[in-house]
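Work through the exercises below with the structure open. Try each task before you read its solution.

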Amino acid sequence: MTSTLRRGAAGGTRPRDAARHSRSRRDWRQGLTPWLFLLVPLALLVTFSYVPIINMVVYSFTDWDGVSPDYTFTGLENYAEIFTRPELFKVFVASAYYLGAAVLQIVLALYFATMLSFNTRFRNLFKGILFFPYLVNGVAIGFVFLYFFQEGGTFDSVLRLFGVGGEHLWLGDPDLVNFSLAGVSVWRFLGLNFVLFLGAIQSIPPELYEAAELDGAGRWQQFRHIIAPSLRPIIGLTAILAISGCLSVFEIPYIMTGGAGASETFVIQTVKLAFRFNKTGLASAAAVVLLVIILLVAWLQRRLVPEERVTPS
């Protein structure tokens with residue numbers, strides 16, 4: 001009888017061990033499945049994002065010309081040259097125009113998003129009109145406005161309808177070119193901020209508006225006490241995008257002016273250092289400096305305007 005109990009006990013442990021082994025194998029497969037789906041995107045991300053960044057950092061410590069297979073490590077000479085040549089940072093003056101345009105762009109996007117979040121006639125049509133420029137390729141926009149701002153062109157013709165005569169060098173006058181280019185950036189990126197604000201406004205529960213209307217609150221009171229507090233995270237996001245965007249402006253001024261007439265930006269200058277003057281090492285150092293500045297601005301914004309956290313009750 002003792003031997004029978006032992007066989008029963010042994011026989012009982014085998015199914016239990018098999019079930020435990022099957023469960024662990026199933027858990028292992030479930031843990032591996034997400035990584036299999038992420039394998040291709042991660043491989044593309046590493047190949048086309050992180051590897052080039054690492055190469056850029058390595059090249060910033062060399063004198064590579066971008067063509068020769070050989071290069072020499074020069075240490076911090078490229079960074080010393082960047083910070084000892086003030087003319088390399090004078091191009092940030094042009095970024096101030098784009099920063100002012102970004103502020104105007106955020107204000108206009110917030111206004112249109114608020115107006116179109118209420119029951120407005122043809123609001124879907126206006127939503128499409130506002131968002132459409134963001135869908136157009138930046139190079140195409142550059143060529144369109146290149147003809148739009150020609151001397152005696154479309155813009156001058158429109159101004160003459162309002163009694164403003166004369167022909168202006170919108171892209172040739174150093175006092176006007178950055179205003180013209182910044183205006184193009186407002187037209188193009190207004191739709192992006194508009195969609196961000198509109199999505200945040202539409203996520204607000206409608207019961208809050210109904211309660212506010214019962215209390216006699218008008219549109220301005222609803223915006224001040226309901227909409228504005230709900231948009232603080234989105235405003236912080238758009239601020240980071242605006243600052244990083246104005247520091248890294250490239251395609252619109254490059255297509256329309258090539259950086260001439262005081263319209264050169266830091267990125268255009270970096271591209272010229274790499275491909276016109278064959279100073280890829282110095283250009284890589286400039287790109288690293290720009291990356292650090294953008295990360296520092298984002299960090300400061302997070303410190304000055306901390307993100308609100310919702311604690312569960």
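Predicted model: local features only at pLDDT ≥ 70, side-chain atom pairs only at ≥ 80, totals over all residues.

**Exercise 1. Contacts of one residue**

Task: Find which residues Val177 touches, not counting residues up to four places away in sequence.

Solution. Start with the list. Val177 touches Trp170, Leu171, Thr257, Gly261 and Ser263. Contact here means heavy atoms within 4.5 Å. Now take one partner. Val177 and Ser263 are 86 residues apart along the chain, yet their C-alpha atoms are separated by 6.7 Å. Finally, check the cover. Val177 counts as buried, because its relative accessibility is 0%. Buried means under 20% relative accessible area, exposed means over 50%, and partly exposed lies in between (1.4 Å probe, protein chains only).

Residues are numbered from 1 along each chain as its sequence is written, and side-chain values use heavy atoms, with hydrogens and water left out.

**Exercise 2. The whole chain**

Task: State how many helices and strands the chain has.

Solution. Count the elements. The chain has 13 helices and zero strands. Helices (H or I, at least four residues) and strands (E, at least two) are DSSP runs, numbered from the N terminus. Then look at burial. Of the 313 residues in the chain, 31% are buried. The accessible surface comes to about 20000 Å², and 66% of it belongs to carbon and sulfur atoms. These areas come from the Shrake-Rupley method with a 1.4 Å probe; for residues, only the protein chains shown count as cover. Last, take contacts between residues at least 6 apart in sequence: 63% of them join residues at least 24 apart.

**Exercise 3. Two helix pairs**

Task: Describe how H7 packs with H10, then how H8 crosses H9.

Solution. Recall the method. Two packed helices are described by the angle between their axes and the distance between the axes. Axes are lines fitted to C-alpha atoms, for helices over the stretch in contact, and angles run from 0 to 180 degrees between N-to-C directions.

Take the first pair. H7 (residues 177–202) and H10 (residues 232–247) pack at about 165°, with axes 10 Å apart. H7 and H10 are therefore roughly antiparallel. Angles under 35 degrees count as roughly parallel, over 145 as roughly antiparallel, 65 to 115 as roughly perpendicular and the rest as oblique. The contact involves Asn193, Leu196, Phe197 and Ala200 of H7, and Ile234, Ile235, Leu237, Thr238 and Leu241 of H10.

Take the second pair. The axes of H8 (residues 206–214) and H9 (residues 219–230) come within 11 Å and cross at roughly 135°. That makes H8 oblique to H9. Leu208, Tyr209, Ala212 and Glu213 of H8 meet Arg219, Gln222, Ile226 and Ile227 of H9.

**Exercise 4. Positive phi**

Task: Say where Phe122 is found and whether Phe122 is buried or exposed.

Solution. Most residues other than glycine have a negative phi. Phe122 has a positive phi, near 60°. Phe122 lies in the loop between helix H3 (92–117) and helix H4 (123–135). With a relative accessible area of 54%, Phe122 is exposed. Asn278 also has a positive phi, about 55°. Asn278 lies in the loop between helix H12 (266–275) and helix H13 (280–304). Asn278 is partly exposed, at 40%.

**Exercise 5. An enclosed helix**

Task: Explain why H12 is described as largely enclosed by the rest of the structure.

Solution. Count the buried residues. Eight of the 10 residues of H12 are buried, so H12 is largely enclosed. Among them are Phe266, Ile268 and Leu273. Then find the cover, which includes H3, H10, helix H11 (251–256) and H13.
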